[in-house]
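Dear colleague,

I am handing over a structure to you with this email, and I would ask you to keep it open while you read my notes on it.

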Amino acid sequence: MILPIYGYGEAVLRKIGEDITPEYPNLQQTIANMYDTMYHACGVGLAAPQVGLAIRLFIVDTTPFADSDEVSKEEAEQLKDFRRTFINATIVKEEGEIWGFNEGCLSIPDVREDVFRHEKITIEYFDENFEKKTEVFDGLIARVIQHEYDHIEGVLFTDHLSALRKKMIGKKLQNIMEGKARPDYKMKFANLKIK
């Protein structure tokens, strides 16, 4: 089922997500709905707060990046078919060079900005079967994970921007809150009912 994506200004996007247990109600259906929603909106990641749930759950599928001319053949192989569900995740280490990449967000349509993040992370999480994992990721996969991880910490990519850049996109952010954004997917706006 395709869910509405909560837009910039919605209070749930600023909440720190709560850990969940395997008994969380309708967990597998929630995960399936999130994948349906992400694919429908042509995203590469989606966090539970973006569909109105203040829990520590996010999903990632970097397959679309594999077709980019800007990645090496080696990285394209890693990106292709990389699909993961992260539950109760904790980034335990960020390391390596800090590099910039032009990021966007389904909750902040029509806004893209350069965001600087570490190139390598170590993350602990449970998968959809509640099996515990500790893995190291780098490159674009690490970046997508960091972006989604921010969501379960109540952080948006715009929080990483300078005061000047935030001021320059202020009108666009205000328009999203007022429901003036018109993406090709269903959204719930802070000052409006579902569109």
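The radius of gyration is taken here over C-alpha atoms, and the rule for a globule is 2.2 Å times the number of residues to the power 0.38. With 195 residues, a compact globule would have a radius of gyration near 16 Å, and the protein has 16 Å, which agrees. Along its principal axes, the C-alpha trace spans about 40 × 40 × 30 Å.

Please bear in mind that this is a predicted model, in which local features need pLDDT of at least 70 and side-chain atom pairs count only at pLDDT 80 or more, while totals for chains, interfaces and linings use all residues. Residues are numbered from 1 along each chain as its sequence is written, and side-chain values use heavy atoms, with hydrogens and water left out.

The protein has five helices and seven strands, which are DSSP runs numbered from the N terminus (helices are H or I with at least four residues, strands are E with at least two). From the N terminus on, these elements run β-α-β-β-α-β-β-β-α-α-α-β. Of the 195 residues, 48% count as buried, where buried means under 20% relative accessible area, exposed over 50%, and partly exposed in between, with a 1.4 Å probe and protein chains only.

Phe101 lies in strand E4 (residues 83–105), and it counts as partly exposed because its relative accessibility is 22%. If neighbours within four places in sequence are left aside, Phe101 is in contact (heavy atoms within 4.5 Å) with Phe65, Glu113, Asp114, Val115, Leu140 and Arg143.

Glu75 has its place in helix H2 (residues 73–79). What is the nearest side chain of opposite charge to Glu75? That side chain is Arg143, 8.6 Å away, and Glu75, although buried, has no salt bridge, a term that stands for a side-chain nitrogen of Lys or Arg within 4 Å of a carboxyl oxygen of Asp or Glu.

Cys42, in the loop between helix H1 (27–40) and strand E2 (45–47), has a positive phi near 60 degrees, and it counts as exposed because its relative accessibility is 70%. Phe130, in the loop between strand E5 (108–126) and strand E6 (132–138), has a positive phi of about 60 degrees, but it counts as buried, at 17% relative accessibility.

With kind regards

How values were computed:
Lys and Arg count as positive and Asp and Glu as negative; His and the chain ends are not counted.
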